[in-house]
Amino acid sequence: MANAPVSYGAFEITVGHDPNVPDGVSVLDQVAEAGYAGIDLGPVGYLGSGTRLGELLAERGLGLAGAYLELPYADHDALEQAIGELDALLGTFDAVRPYLPGPAPRPTLADAGSRERRSRPGRSAAQPALGLDRDGWRRFAEGLARVVGRCHDRGYEPTFHPETGTYVEAPWEIEEVLERSEIGLCLETGHMMLGGGDPVAMLRDWGDRVNHVHLKDAVLSVMAGIVTDDAPVTEIWSREAFCALGHGDLDVTGILDGLRGISFGGWLVVEQDILPRSAERFARAAEEQRHNREFLAERGL
């Protein structure tokens, strides 16, 4: 069971820009004190770098669950420019791996999307024309295969992360990825819901591909408001579409029963992405992550 810096408001767009973001060591302390066994990497360098990051994790008994990375799979020229980001991430894994308890970290791969998709999140389930065409999916599959192969060459098993506001948000887009690749699937319950899917049904149908879990609850009425207002993807976090476990529309019991049914034994990362605007909200984020850990403990985890 792990948590993630995004639950505390630490994104690439907030770290170093928002003075209210807690420092990385503080987040490590809060995650460990709340009873989690691991943490996701967050922005590279935020929690620490190289062997020092490994030492910080080991001092708190924390494993590293994985690291999220968006890449432009269908645009091969852009992918060539971005591949160094993948190498840097895998280099971080190499540096800290000797210090880590628990399963190896997962390269958690998502699509980079486009300006159009980020400006119109949550629509592709009902509007497939917003998605990639046949040639786009061919190029996507080729790019993804290159990235997956690079992960394997470095000794890591990646997972694919659906993300609202990208070219892989709706159930039909997730299915395209699974049919065109051999990559494992991150059961990303929050983004699957916002993309128009039912995570319990997806777990039932695709459980043999699930190799990583991001467990987050979501309020569907908030997402409906974002679509109605024609608002951009950043409003998902500003309006707090993701909420504390048990306060949204996710069937948490159904997810946990489904994971037990497939004997899932990898990392389960609790996430509650927020873009807070005050020190008080950051403080409350820490309280909510303690609540989330207690919520799962009451359910046998």
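I started with D29, which is partly exposed at a relative accessible area of 28%. My scale for this: buried is under 20% relative accessible area, exposed is over 50%, and partly exposed is in between, with a 1.4 Å probe and protein chains only. D29 is found in helix α1, residues 24–33. I call helices from DSSP runs of H or I with at least four residues and strands from E runs of at least two, numbered from the N terminus. I also checked D29 against L250: they are 221 residues apart along the chain, and their C-alpha atoms are separated by 28 Å.

**Ground rules.** This is a predicted model, so to speak of local features I need pLDDT of at least 70, and side-chain atom pairs count only at pLDDT 80 or more, while totals for chains, interfaces and linings use all residues. Residues are numbered from 1 along each chain as its sequence is written, and side-chain values use heavy atoms, with hydrogens and water left out.

**α2 against α3.** How do these two helices pack? I get an angle of about 55° between α2 (residues 50–59) and α3 (residues 76–96), with the axes 8 Å apart. The axes are lines fitted to C-alpha atoms, for helices over the stretch in contact, and the angles run from 0 to 180 degrees between N-to-C directions. The pair is therefore oblique; in my terms, under 35 degrees is roughly parallel, over 145 roughly antiparallel, 65 to 115 roughly perpendicular, and the rest oblique. The crossing of α2 and α3 is right-handed, that is, the near helix is turned clockwise from the far one by less than a right angle, with anticlockwise being left-handed. On the α2 side I noted G50, T51, L53 and G54, which meet T92, A95 and V96 of α3. Contact here means heavy atoms within 4.5 Å. By class, the residues of this contact come to 3 nonpolar, 4 polar and no charged. For the classes, Ala, Val, Leu, Ile, Met, Phe, Trp, Tyr, Cys and Pro are nonpolar, Asp, Glu, Lys and Arg are charged, and the others, Gly among them, are polar.

**α5 against α6.** Next I looked at α5 and α6, which pack at about 55° with axes 10 Å apart. They are therefore oblique to each other, and α5 passes α6 in a right-handed crossing. W137, R138, F140, A141 and L144 of α5 meet W172, E173, E176, V177 and R180 of α6. That contact holds 6 nonpolar, no polar and 4 charged residues.

**What covers α6?** I listed the buried residues of α6 (residues 171–180) as E173, I174, E176, V177 and L178. Their cover includes α4 (115–119), α5 (134–153), β6 (159–160), β7 (184–188), α7 (189–194) and α8 (199–206). E179, also placed in α6, is exposed, with a relative accessible area of 60%. From E179 to G91 I count 88 residues along the chain and 29 Å between C-alpha atoms.

**Cysteines.** How many disulfides are there? The count comes to 0, taking a disulfide as a pair of cysteine sulfur atoms within 2.5 Å. For C151, the closest cysteine sulfur is in C186 at 14 Å, too far for a bond. C243 is in no disulfide either, as its nearest cysteine sulfur, that of C186, is 18 Å away. I find C151 buried at 0%, and C243 counts as buried at 11%.

**Q272.** Buried or exposed? Q272 counts as buried, at 2% relative accessibility, and lies in the loop between β11 (268–270) and α12 (279–297). Not counting residues up to four places away in sequence, Q272 touches V6, S7, F242, C243, A244, R281, E288, Q289 and N292.

**Positive phi.** I flagged D230, a non-glycine with phi near 55°, in the loop between α9 (220–228) and α10 (235–238). E240 is not a glycine either and has a positive phi of about 55°. E240 sits in the loop between α10 and β10 (242–243) and is partly exposed at 26%.

**V227.** Last entry: V227 is in helix α9 and counts as partly exposed at 30%. Leaving aside neighbours within four places in sequence, V227 is in contact with P121, G122 and R123. V227 and R123 are 104 residues apart in sequence and 7.4 Å apart C-alpha to C-alpha.
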